[in-house]
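Please open the model in your viewer and keep the selection panel at hand.

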Amino acid sequence: MFPLADQLAMALPSQHVLSFVIGLLFGFFLEQAGFGNSKKLAMTFYFRDMTVVKVMFTAIITAMTGVLIFSEVGWLQMDMVWLNPTYIWPGIVGGVIMGAGFAIGGYCPGTGLVGIPTLKKDAYFNIGGAMIGMMIYGELSPMLEDFYKSGFMGSRATLPEFFGLTPGVVALLVICFALAMFFFSEWVEKKMAHSGGPS
Amino acid sequence: MKSNDSYLNPYLAGFGLGLVLLAAIVLYGKGLGASGAIMRTVVTIEKAVSPEHVNNVSYLAGYGSGNKNPMYHWLVFEVIGVIVGGLVSGVLAGRVRWEVNKGPQISNQKRLGFAVLGGALFGFGARLARGCTSGVALSGGATLALGSWATMLTLFVVAYAMAWVFKKLWI
């Protein structure tokens, strides 16, 4: 019976209204978490304020658990759900470039967008930069095309498939990983608070 | 550093975000996104300047060739929602303030320059990786997509390493 949009054969305008509402809540929670502020985001990388790690992994395990339950009981047709295709090399190189961009710019595109309505001047410059970077990518795209399509491992490749485990076991491992990150985050924040000044 | 107390508890915010992501998947069959809408804005501007160029470069054509309006896409409406949602939360919390957030050791000008550089890198990398922290790390993370996990882990490892190099920008 889900995804609802496919089930109801929803027309484009109603799909767009639904997307707007989902985006509204997405932006609300990002800002509530403090992600409109680049300094707060960057402090994650210096172990001073681990909010990014806590929020991100809580969100992932929450949604992952929901998706797993919904699909296991047969409510959610997973083959109708968008799944990121795996092109491993551009995925990894893109990750490297984005990681550098995150540390230098302080924002990622989603959090930069949240800094726009809350009038963070650096968010305006960051989103402007993102537009420049994407424009450059577009211009170089004919040259990058072969690399962009390299390392293809499947349009719906998943961790469970890759490791030969059931989705439930992988989900459990992800939850354990997330819990380990939470404990580490709480511990390191306290440690940094006690040691005080810059390290 | 202690965070501003008016922020929502991070685990609660993450739980809320997770439910929104779950709703996006269950109701719409797609995850969340951000960088794609920025790309669509770029293509719209390029199309206004030179429609032939957009038609000729196949990557750009995919977004807005011929009569295709790059902005008439669910992701653009979602991002308009993100901006409005951020505004609502910011107003409620009293965080709407014209300011530059940065480390104590650098000037505003330097911070803004690095914001452009970082944004450009992130934007470029997001095109190469077919999505950013929202579309790849969050959405692909929750659906256990293999490539998304590879991108997410690489992104964070490199961000931590590079943050050490660029320490002066932030602390």
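Begin by selecting H4(A) and H9(A), where H4(A) passes H9(A) in a left-handed crossing (the near helix is turned anticlockwise from the far one by less than a right angle). Helix H4 covers residues 51–72 of chain A and helix H9 residues 167–195 of chain A, and the two pack at an angle of about 160° with their axes 10 Å apart. H4(A) and H9(A) are therefore roughly antiparallel to each other, a term for angles over 145 degrees.

This is a predicted model, in which local features need pLDDT of at least 70 and side-chain atom pairs count only at pLDDT 80 or more, whereas totals for chains, interfaces and linings use all residues. Residues are numbered from 1 along each chain as its sequence is written, chains are lettered from A and ligands numbered from 1 in the order in which they are written, and side-chain values use heavy atoms, with hydrogens and water left out.

The largest cavity has a volume of about 150 Å³, the space filled by probe spheres set on the points. Select Phe35(A), Met56(A), Cys108(A), Thr111(A) and Thr133(B), which lie nearest its centre among the 16 lining residues (those with an atom within 4 Å of a point).

Finally, colour helices H2 (12–33), H4 and H6 (109–115) of chain A and helix H7 (133–142) of chain B, each of which supplies at least two residues of the lining of the largest cavity.

Definitions and conventions
Axes fitted to C-alpha atoms, helices over the stretch in contact; angles between N-to-C directions. Helix = DSSP H or I, 4+ residues; strand = E, 2+ residues; numbered from the N terminus. Parallel < 35°, antiparallel > 145°, perpendicular 65-115°, else oblique. 1 Å grid on protein atoms, 1.4 Å probe; cavity = no way out; pocket = protein on both sides within 12 Å on 5 of 7 lines; lining within 4 Å.
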